[in-house]
Amino acid sequence: MRNYLNIIIAYSIMMFLIILVGIFQSWSIALTIFNYCMISAVMTLGANIQWGYAGLINFGIMGYTALGGLAVVLVSVAPVPEAWRVGGVNMMTCLGIIILMIFSTRYILKNIQKSNKRNYLIAGIIIVGLILIKIIAGPAIEQIEAVDPAKTGFLGGLGLPVLFSWIVGGLFAAGLAFIVGKVALGLRADYLAIATLLIAEIVVSIIKHEDWLARGVKNVIGLKRPAPYEIDLQTSPWFINLVEKFHSAKLDLANSLSERQDILNQLVIDASSVYVKLCFAGMFLVVVIILLIITQKALYSPWGRMMRAIRDNEEAASAMGKNVVKQHLFIFILGSAIVGIAGAMMVTNDGLFTPGSYRPMRYTFVIWVMVIVGGTGNNFGAILGGFVVWFLWVEAAPIALFFINLFTAHLPETNEIKVHLINSAPYFRFLLVGIGLLLIMRFRPQGIIPEKIVKQ
Amino acid sequence: MDLINAVIVLLNYTIIPALTYGSQLALGAIFVTLIYGILRFANFATGDMMSFGTMFAVLLTYYFQSIGINFGFLPTALLTIPFAIFMMILYMLIIDQTVFKYYRIKKSPPVMLAMVSVGVMFVTQAIIRIIIGPTDRRFLDGEKFILKATEFKEMTGLAEGLTIKSTQMITIVVTIIVVAIMFWFLNKTKTGTSMRAYSDNEDLALLSGIDPKKVVLITWIIAGILATIGGILYGLDKSYRPFVYFNNMLPIFAAAIVGGIGNPYGAFFGGYVIAFAEIFLTYAYKRFLVYILPESLEPNSLMQLLSTDYKFAISFSILVIVLIFRPSGIFEGKRI
């Protein structure tokens, strides 16, 4: 128990802060922050597996998050039959060509000796394949995008339940990680960081500009939800009764029947949004707990010890007969898949997919700050990092506003500096997070909850 | 005649813009490569540092305009360069002393320093946005064009016009001057030689009496000059917007690595490789082909290899290809 004391204290403080937000701002905001904290925690767990267990630096988190989001669209949106009719065959042919390209390249790589001939053959396959795809897909894409462009203009998804997409999101991200890992994992640490960042940018720009896939920057809105809708709740009697019972003391204070009805309506509206967010919070909590148990078990298994050995001394681990390259690839895929799940969770929570919003600042660097601040190599630390940094990221503006008002209280309302500072309050989040990162790296480089190595 | 027209089309729409953009990237790439070669880390704050220097140029331009100072037909921003450079170097030295120095003395691994530079990136972005805000700003004044399309058509009687913007000319000329001075400094002066020695082998350089503090100081000064000038030239040519500068970090990194990171010649060259690739692969060749092909072969489509949306993606793909087949870059990297 004593071992876990600092973890319990840290988490209690975090919960207390979120409850404070609930009391002072509103419960709806507190729950929104809590849900996002949980999503960030899942992303951080993924990044922490790569960085903390194996020392692999992955700045491509943005790309995996976006792929996870794409999975939600491709799985849960109802298919657009009209688009499939005009362009489905051509697009499927292209998919076939791509698969054929991959397998023929693999065949050549396996069966022909390393030589110029092999390189020319592979280059030839890729060029011919790309030209074929351009010829076949070009007209089809135009036709698909012309199908009711204001509402659809894309192929749509499979129309399956949205929860299923969380798994698919993980699989998508794992697939991308396999390719990236094969290409880039041999690189030195800082090269790997840059390469993964740039590959993620490529992925995001494809999602952004291929409108037939997921409408690109036109966004997909109104995605399915695994939780009830607010409107439905507000009209269902059991929910109204529940709210009535919950707030009976407050309702009894009302003077007249009409006033009571007004208060009740307002309470029902508030409660419905809180209820929906609670549903999401429950689902996310289940995911976080499952992942935590799995990662924790893995960390203290022989496999976890091997990963640590590889991280701390690659040559020695390799000399002991461990396949470093294979293990690196495996852990890279594993971590990325978890990030993909988080991406799918986030889009499900928002109910909309906005490819334009995937920017490296928010989805790579902030997540990395979470990993470093929380504690590399410790899963509890990673989750805490997700909570702390996301909380600061959201609450930085109100906190900054409070301090600006405090320090400029003696200045008149029209003072130019005061107005300018108040207008730029949102940007203090960068300052807060940056200084936080620098301080942690300087004075506590192992993070808030450091890695704990259990002696066997 | 058709052939000349075709060449003019290419010049106007691809070669001149690519040279301009390439120069801007090259300055940034040399900045990245110097930091990597001498201070030994990938600086993720590159784009924001360039933005920081440019911010002062923008503010000073506005100030100069308000008190009536201008630079004739040249942009006022050129007058502000020395002041902006001074502020930039000051900021870089403060950051170095408060942040980077600790890790340098401790000999932390490069990844650690790269992470720290992410922290610097956050702080720099915050300072920029708090001071100047995130909006788009144009600060170009003076003559806009050196050669207008209509003038060119009248002069030569060709069907195609050639436009040269003054910012394009300024960018290319200033880049040539700055880079020439820098290479002269690195190769011919004693300080430059000691910097190269330090980059090649730190321990050996220290043994032969090179003062590391001086090397680091000079590196930051050169980096400040390159970052500020690169940023101002980009801002004059396009416009100043903090977010765009942050994004520019990515093609700049690509240029530095493609050229061979740690090697300034490679970085200079890499900037142009990236710029030409981006523009040549996204340019619609229809107008060019109409001139050089016989009428029967004239193309119907735009003859564009990739849509301009994928501009950035191209430079990143080049980088990935280079990393796979020649990780040390086109020129041998890690030398200065």
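Chain A holds 19 helices and zero strands, where helices (H or I, at least four residues) and strands (E, at least two) are DSSP runs numbered from the N terminus. Please keep in mind that this is a predicted model, in which local features need pLDDT of at least 70, side-chain atom pairs count only at pLDDT 80 or more, and totals for chains, interfaces and linings use all residues. Residues are numbered from 1 along each chain as its sequence is written, while chains are lettered from A and ligands numbered from 1 in the order in which they are written.

Let us stay with chain A for a while. Its C-alpha trace spans about 90 × 60 × 50 Å along the principal axes. Of its 456 residues, 40% are buried; a residue is buried if 20 or more other C-beta atoms lie within 10 Å of its own, exposed if 12 or fewer, and partly exposed in between, with C-beta atoms placed from the backbone. Contacts are counted when the C-beta atoms of two residues, placed from the backbone, lie within 7 Å. Among the contacts in chain A between residues at least 6 apart in sequence, 83% join residues at least 24 apart.

Chain A is divided into domain 1 (2-79 + 156-443) and domain 2 (80-155), with bounds that come from an automatic or database domain assignment. The centres of these two domains of chain A, taken over C-alpha atoms, are separated by 34 Å. Where they meet, domain 1 of chain A gives seven residues and domain 2 of chain A gives eleven residues. On the domain 1 side, the residues divide into four nonpolar, one polar and two charged. In this classification Ala, Val, Leu, Ile, Met, Phe, Trp, Tyr, Cys and Pro count as nonpolar, Asp, Glu, Lys and Arg as charged, and the others, Gly among them, as polar.

Next, follow helix H4 (residues 81-111) of chain A. At 1.5 Å a residue, its 31 residues should span 45 Å, and the end C-alpha atoms are 42 Å apart, which agrees; the expected span is 1.5 Å times one less than the number of residues. H4(A) bends by about 65° at A:Gly87, the bend being the angle between axes fitted to the seven residues ending there and the seven starting there. A:Gly87 is also one of the buried residues of H4(A), together with A:Ala83, A:Met91 and A:Cys94. An α-helix has 3.6 residues a turn, so residues three or four places apart point the same way. The buried residues of H4(A) pack against helix H5 (116-146) of chain A.

Most residues other than glycine have a negative phi. A:Arg215, although not a glycine, has a positive phi of about 65°, and A:Asn219, also not a glycine, has a positive phi of about 65°. A:Arg215 lies in the loop between helix H8 (211-214) and helix H9 (230-235) of chain A, and A:Asn219 has its place in the loop between H8 and H9 of chain A. A:Arg215 is buried, with 24 other C-beta atoms within 10 Å, whereas A:Asn219, with 14 C-beta neighbours inside 10 Å, counts as partly exposed.

Now turn to chain B, which has 13 helices and two strands. Its C-alpha atoms fill a box of roughly 70 × 55 × 35 Å, taken along the principal axes. Of the 336 residues of chain B, 45% count as buried. In helix H2 (residues 46-67) of chain B, 22 residues at 1.5 Å each should span 32 Å, and the end C-alpha atoms are 32 Å apart, which agrees. Just after H2(B), B:Gly68 takes a positive phi of about 85°.

B:Met92 lies in helix H3 (residues 77-105) of chain B and counts as buried, with 24 C-beta neighbours inside 10 Å. Leaving aside neighbours within four places in sequence, B:Met92 is in contact with B:Met49, B:Trp220, B:Ala223 and B:Gly224. B:Met92 and B:Trp220 are 128 residues apart in sequence and 6.7 Å apart in space, C-alpha to C-alpha.

Finally, the chains come together through 31 residues from chain A and 34 residues from chain B. On the side of chain A, the elements that give two or more residues are helix H6 (164-184), helix H7 (189-209), helix H16 (360-374) and helix H19 (428-443). H7(A) supplies the largest share of that side, twelve residues. By class, the side of chain A that touches chain B has 24 nonpolar, four polar and three charged residues.
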